[in-house]
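This report describes selected local features of one protein model.

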Amino acid sequence: MRLVTLLTIFPLSRFTRAIGLVKSMFIGNLLNMGMYLALYMANTSAWFLVLAAVLEGFVMTLYWVPYHTQFVVHAELKYL
């Protein structure tokens, strides 16, 4: 998971910049659903665990980075 994040952070950051934060978070949510589906299917084959780890690496870049960016942009300083 961390290796996938390390390898994809810069290309996916450019992709996020091109499509916008909200669309990137939407794609991240879809990938997150795929990760949970892969975890559900992991009892049939261990390869689904590898797929889940790879998808979670993409989710970290496509969802959590824009999420925290949106939080910082819209947070009011007096409430932090």
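Helices, as named here, are DSSP runs of H or I with at least four residues, numbered from the N terminus.

## Model and confidence

The model is predicted. The average pLDDT of the protein is 93, and 99% of the residues score at least 70. Confidence is lowest in helix H1 (residues 2–19), with a mean of 93. Helix H2 (residues 21–40) has the highest confidence, at 97.

Thr5 is found in helix H1. With a relative accessibility of 14%, Thr5 counts as buried, because the cut-off for buried is under 20% relative accessible area. When neighbours within four places in sequence are left aside, the contacts of Thr5 are Gly57, Met60 and Thr61.

Leu7 also lies in helix H1. In contrast to the buried Thr5, Leu7 is exposed, at a relative accessible area of 59%; the limit for this class is over 50%.

A search of the whole structure gives three aromatic pairs. One of them joins Tyr63 and Tyr67: the ring centres are 5.8 Å apart and the planes stand at 20°, so this pair is stacked. The angle falls within the stacked class because planes under 30 degrees apart are counted there. Both tyrosines lie in helix H3 (residues 47–74), four residues apart, which is about one turn of the helix. Tyr63 is buried, with 16% relative accessibility, whereas Tyr67 is partly exposed, with a relative accessible area of 34%.

Tyr67 also forms an aromatic pair with Trp64. Here the centres are 5.3 Å apart and the angle between the planes is 80°, an edge-to-face arrangement. Trp64 and Tyr67 are three residues apart in helix H3, so about one helical turn separates them. Trp64 is partly exposed, at 39% relative accessible area.

## The ring cluster

Which residues do ring pairs link into a cluster? They are Tyr63, Trp64 and Tyr67. Tyr67 takes part in the stacked pair with Tyr63 and in the edge-to-face pair with Trp64. As to accessibility, Tyr63 is buried, while Trp64 is partly exposed and Tyr67 is partly exposed.

Technical notes: Residues are numbered from 1 along each chain as its sequence is written. This is a predicted model: local features need pLDDT of at least 70, side-chain atom pairs count only at pLDDT 80 or more; totals for chains, interfaces and linings use all residues. Side-chain values use heavy atoms; hydrogens and water are left out. pLDDT is the predictor's confidence in each residue, from 0 to 100. Helices (H or I, at least four residues) and strands (E, at least two) are DSSP runs, numbered from the N terminus. Buried means under 20% relative accessible area, exposed over 50%, partly exposed in between (1.4 Å probe, protein chains only). Rings of Phe, Tyr and Trp (its six-membered ring) pair if their centres lie within 6.5 Å; planes under 30 degrees apart count as stacked, over 60 as edge-to-face and the rest as tilted. Contact means heavy atoms within 4.5 Å.
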